[in-house]
Amino acid sequence: MRIQADQEKCCGAGSCVLAAPDVFDQREEDGIVVVLDPEPPAALHDAVREAAAICPAAAITVAD
Amino acid sequence: MTTAQRTAPPTPLTLPATRAPGCPFDPAPGITDAARGEPVTRATLWDGTSCWLVTRHEDVRAVLGDPRFSADAQRPGFPFLTAGAREVVAGKPTFLRMDDPQHARLRRMLTADFMVKKVEAMRPEVQRLADDLLDRMTAGRTSADLVTDFALPLPSLVICLLLGVPYDDHDFFQERSRILLSLRSTPEEVRAAQDELLEYLTRLARAKRETPDDGIVSRLVARGELADGDIATMGRLLLIAGHETTANMTALSTLALLRNPAQLARLRAEPALVKGAVEELLRYLTIVHNGVPRLATEDVVVGDRTIRAGEGVLCMIGHANRDDAVFPGGDALDVARDARRHVAFGFGVHQCLGQPLARVELQIAVETLFRRLPDLRLAVPYEEIPFRGDMAIYGVHSLPVAW
């Protein structure tokens with residue numbers, strides 16, 4: 001799995017951080033998404049897919 | 001269904017739609033029934049104009065996530081629920097009613113303040129406030145109005161702290177908020193309340209110029225990008241959205257759990273469920289109950305309908321949150337359900353900025369209340385509870401409880 005997050009699209013709602021806290025974080029200065037682990041282990045894949053599904057700005061892309 | 005029913009012309013839906021007597025937690029049945037046949041359906045507004053209602057989860061996400069649907073309420077044809085609601089945006093719009101890039105520029109000045117780790121760090125403070133309020137509510141008493149003594153002051157105290165607004169002024173801003181959110185307010189009443197709030201917050205911004213603190217208003221002043229009047233407009237949005245929504249979710253969640261004793265028992269037995277239970281309560285109760293408005297700027301196909309450029313749309317998030325395709329058996333409250341895909345905070349780039357804070361407040365409020373008051377119960381017959389069908393944000397006007 002490979003994750004991309006579009007920081008231009010991101011609206012900083014933080015739902016990805018709640019869904020997959022080991023993979024996503026928010027920038028200190030403006031709360032915009034940061035990917036901590038762009039190729040996370042399989043155990044986190046479901047959480048990442050959920051994060052992508054609930055992202056209100058469709059800013060998270062997941063490629064398998 | 002009989003032939004007569006099938007061939008009868010459909011009763012035109014008028015908004016705001018009312019809930020069924022005896023079913024205060026369920027969305028308006030008139031819309032539910034219409035949506036069963038036509039998930040994208042027409043409704044008539046107060047001024048005789050009509051707009052589209054979008055009710056399916058998938059369609060609501062599609063509309064709210066599509067930049068071809070504008071949130072700019074200044075555009076002709078934008079749907080309003082009442083004349084008063086139109087007046088709210090007649091003056092200076094907040095970024096809630098702007099499109100990108102203007103919206104993103106203003107919103108991004110605030111996203112850091114509400115991000116998850118910032119808000120999680122506030123848990124001890126929110127917990128202390130919740131405990132203090134319950135200490136005071138229960139001292140020497142066995143009953144109280146939960147709205148006045150707990151549900152309303154908790155988020156009001158928190159948003160005041162965050163913004164740098166003196167909590168002592170809460171009667172002033174809570175009364176103006178009530179007028180702005182009442183579906184019964186006249187445009188004149190709305191304009192007066194709006195002006196008074198903006199004047200108050202403009203004065204506050206000016207004062208922060210002299211005496212800065214670490215609140216949001218003061219930091220917006222220090223940023224130097226916005227005039228005091230623009231800071232006041234933004235402050236008004238945060239102040240109202242920051243206390244009315246969580247206050248009503250807290251009181252209505254309490255009532256919903258008291259009315260679903262098996263669910264409450266399960267939550268008490270498994271306190272670790274509280275995070276998921278709050279998501280489920282957000283889904284089940286969806287207090288933004290009159291629809292999220294948008295205006296099509298191009299012809300767009302939604303479901304099996306084409307919404308034309310210039311036509312208004314109301315996204316019925318309460319109905320979307322009961323969509324069986326996403327939430328099987330969604331008319332029941334189930335604290336163990338995975339409800340994370342609810343759209344109670346909206347969807348798209350305008351999705352609630354304060355949602356991490358709302359979650360922390362609600363998790364603490366619900367957990368603390370039911371842990372500390374094991375015998376919590378209604379102090380009046382259920383039938384006497386005054387529901388907020390007359391307000392833009394649903395909930396209860398008061399909730400007399402005993403313990």
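Me: How many residues of chain A are in contact with chain B?
Reply: Contact means heavy atoms within 4.5 Å. On that basis, chain B brings 18 residues to the meeting, and the count for chain A is 26.

Me: What kind of model is this?
Reply: Residues are numbered from 1 along each chain as its sequence is written, while chains are lettered from A and ligands numbered from 1 in the order in which they are written. Side-chain values use heavy atoms, with hydrogens and water left out; local features need pLDDT of at least 70, side-chain atom pairs count only at pLDDT 80 or more, totals for chains, interfaces and linings use all residues, and the model itself is predicted.

Me: What area do chain A and chain B bury between them?
Reply: Buried area is the accessible area (1.4 Å probe) that two parts lose on being put together, summed over both. For these two chains, 49% of it is on carbon and sulfur atoms, and the whole comes to about 1800 Å².

Me: Which residue of chain B meets Glu50(A) in a salt bridge?
Reply: A salt bridge is a side-chain nitrogen of Lys or Arg within 4 Å of a carboxyl oxygen of Asp or Glu. There are three of these between chain A and chain B. In the one with Glu50(A), N and O are 2.9 Å apart, and the partner is Arg341(B).

Me: Which element gives the largest share of the side of chain A that touches chain B?
Reply: Helices (H or I, at least four residues) and strands (E, at least two) are DSSP runs, numbered from the N terminus. Helix H1 (15-19), strand E2 (24-26) and helix H2 (45-54) of chain A each supply at least two residues of that side. The largest share is four residues, and it comes from H1(A).

Me: Which residue stands opposite Ala43(B) in E2(B)?
Reply: Two strands pair if DSSP finds at least two bridges between them. Strands E1 (residues 40-44) and E2 (residues 50-54) of chain B are joined by five bridges and run antiparallel. They form a hairpin with five residues between them, and Gly48(B) in the turn has a positive phi of about 90°. Across from Ala43(B) is Cys51(B).

Me: Which strands are the edges of the five-strand sheet in chain B?
Reply: This open sheet has mixed pairing and the order E1-E2-E8-E5-E3. Each edge strand pairs on one side only, and the two are E1 and E3 (69-70) of chain B.

Me: How many residues of helix H9 of chain B are buried?
Reply: Buried means under 20% relative accessible area, exposed over 50%, partly exposed in between (1.4 Å probe, protein chains only). The buried residues of H9(B) pack against several helices of chain B, including H7 (123-138) and H13 (228-259). Helix H9 covers residues 153-163 of chain B and is largely enclosed by the rest of the structure, because the buried share of its eleven residues is ten.

Me: Is Gln351(B) buried or exposed?
Reply: Gln351(B) lies in the loop between helix H16 (317-320) and H17 of chain B. Leaving out residues up to four places away in sequence, Gln351(B) touches residues of both chains, among them Ala13(A), Pro56(A) and Arg107(B). Its relative accessible area is 6%, so Gln351(B) is buried.

Me: Which residue forms a salt bridge with Asp59(B)?
Reply: Asp59(B) is found in helix H3 (residues 57-64) of chain B. The closest N and O atoms are 3.0 Å apart, and the partner is Arg56(B).

Me: Where do Arg36(B) and Asp33(B) both lie?
Reply: Arg36(B) and Asp33(B) form a salt bridge, with the closest N and O atoms 3.3 Å apart. Arg36(B) counts as exposed at 63% relative accessibility, and Asp33(B) as partly exposed at 46%. They sit three residues apart, about one turn, in helix H2 (residues 29-37) of chain B.

Me: Which residue of chain B is linked with Asp25(A) and Glu28(A) in a network of salt bridges?
Reply: The structure holds 40 salt bridges over all chains. In this network, Asp25(A) and Glu28(A) come from chain A, and the residue from chain B is Lys117(B).
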